[in-house]
Amino acid sequence: MQTPGSQSSLHRANLERVVRAVRMAGSLTQAEIARSTGLSAATVSNIVRELKDGGTVEVTPTSAGGRRARSVSLSPDAGIVLGVDFGHTHLRVAVGNLAHQVLAEESEPLDVDASYADGFGRAETLVERLIVTTGIDRQKVIGVGLGVPGPIDVESGTLGSTAILPGWGGINPGDELAARLGVPVYVDNDANLGALGEMVWGSGRGVKDLAYIKVASGVGAGLVIAGQIYRGPGGTAGEIGHITLDEAGPVCRCGNRGCLETFAAARYVLPLLQPSHGSELTMERVVQLAREGDPGCRRVVGDVGRHVGSGVANLCNLLNPSRVVLGGDLAEAGELVLAPIRESVSRYAIPSAGRQLSVLPGALGGRAEVLGALALVLNEMGDSTLLESTHPATAPVFT
């Protein structure tokens, strides 16, 4: 039995500190591990050797500053994580390992508003198919990240707005999926997962303070502060779509008037163009037409960019992020939307905050949220769980 303050408990704590540092970064040299954990180089060397012998990490030769070094990453065999992302019109599932490698992905159309039972049934089937396709050991699955297009109540774990997903009212999506898959499930909204995905794999790499803006059927923001997702005490931080732009504007689904969402979200923007472009018009098609030179679509995309930029300027004044990453279909418009965003930031943000900000399109496109679901497991899982997962006798069972 380990007792607080004993050599065994201290050693266990140091093991977990090293694993946590590597888990969050993907890979680090031993010198970088020592700097990030505060442990001595000798202690890190001994711990890495022990973790390597136990199959938890892999060590490969590399170079740092022109000198030979050893890069440490979690072993691909140390555990498997799954990502499940529910969008309003799609379902995406991804399989990854603890070395930040994506092993497989698949998506299919889904009307998520129709029935939560149908949605989770489809997710279970798709997960099972990817498990079989990749040939991974089910006992290696140590967690699932789940993304939903709505705010999650921190205390209850239920969806906080039935106006977004009326067919999901009152359910706990994490509990529902965990009961089906038999492993821990970590849940967050799609904007937060988009921020995580871009921070680990995309346009947010190397940045500790950023905002990921997703413009789709709604408008939301995932906020990263000091390298961590900021959710707020109730889980609703980042609802940038409900910043008021015009008190006499259209009535928003939240009950207020003139929210940013009523000027930028697809449900409000598409009707402006459908009389001339047809009722089947989508934001993806609007962006494509804008890039091809369609004047109406270019005007609408530019207007949306200016409105989103007003919301970004508010974020700059409040949180002073160093980077904003634009996600969703709108990001494919490139400078047609990014330039108006920067213009509004320059006009409305405090000059010192605006000068420090870079505005970039997301690098992951529609994959950002499902990859963020993988990253969510890597962020939230306990390091003791990871250490135990390298021993089959104590590994969780995927049923």
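**A helix crossing and the spaces around it**

Modeller: Happy to! H8 and H9 cross in a left-handed manner. Please keep in mind that this is a predicted model. The axes of the two helices, H8 and H9, come within 10 Å and cross at roughly 60°. Angles from 65 to 115 degrees would count as roughly perpendicular and angles under 35 as roughly parallel, so H8 and H9 are classed as oblique to each other.

Which residues meet there? From H8 come Ala 266, Val 269, Leu 270, Leu 273 and His 277, and from H9 come Met 283, Val 286 and Leu 289. Sorted by class, this contact of H8 with H9 has 7 nonpolar residues, 1 polar residue and no charged ones.

Helix H8 (266–277) and helix H9 (283–291) are among the elements that give two or more residues to the lining, as are helix H6 (190–201), helix H7 (261–264) and strands S5 (90–97), S6 (102–109), S9 (210–215) and S10 (219–225). The lining has 15 nonpolar, 15 polar and 12 charged residues, whereas the contact of H8 with H9 has no charged residues.

From here, H6 leads us on to the second largest pocket. Helix H1 (7–25) and H6 are the elements that give two or more residues to the lining of that pocket. About 390 Å³ of space lies in it. Its lining is made by 13 residues, with Met 24, Ala 25, Met 199, Lys 208 and Gly 227 nearest the centre. By class, these lining residues divide into 6 nonpolar, 5 polar and 2 charged.

There is a cavity to see as well. How many cavities of 30 Å³ or more does a search of the whole structure find? The search finds 1, and the largest cavity has a volume of about 30 Å³. Its lining is formed by Glu 198, Tyr 212, Leu 326, Gly 327, Gly 328, Ala 331, Glu 332, Gly 362, Gly 365 and Ala 368. Those residues comprise 4 nonpolar, 4 polar and 2 charged.

Helix H10 (residues 295–319) and helix H11 (residues 335–348) pack with their axes 7 Å apart, at an angle of about 40°. H10 and H11 are therefore oblique to each other, and their crossing is right-handed. Among the residues in contact are Val 301, Gly 305, Val 308 and Gly 309 of H10, with Leu 336, Pro 340, Ile 341 and Tyr 348 of H11. The contact of H10 with H11 is made up of 11 nonpolar, 6 polar and 3 charged residues.

The other pair is helix H4 (residues 116–134) and helix H5 (residues 173–181), whose axes come within 10 Å and cross at roughly 45°. Here too the crossing is right-handed, and H4 and H5 are oblique to each other. Their contact includes Tyr 116, Phe 120 and Val 127 of H4, along with Pro 173, Leu 177 and Arg 180 of H5. It has 7 nonpolar, 1 polar and 3 charged residues.

Methods
Residues numbered from 1 in each chain as written. Predicted model: local features only at pLDDT ≥ 70, side-chain atom pairs only at ≥ 80, totals over all residues. Heavy atoms only, no water. Axes fitted to C-alpha atoms, helices over the stretch in contact; angles between N-to-C directions. Helix = DSSP H or I, 4+ residues; strand = E, 2+ residues; numbered from the N terminus. Parallel < 35°, antiparallel > 145°, perpendicular 65-115°, else oblique. Left-handed = near helix turned anticlockwise from the far one by under 90°. Contact = heavy atoms within 4.5 Å. Nonpolar A, V, L, I, M, F, W, Y, C, P; charged D, E, K, R; others polar. 1 Å grid on protein atoms, 1.4 Å probe; cavity = no way out; pocket = protein on both sides within 12 Å on 5 of 7 lines; lining within 4 Å. Points joined across faces, edges and corners; volume = space filled by probe spheres on them.
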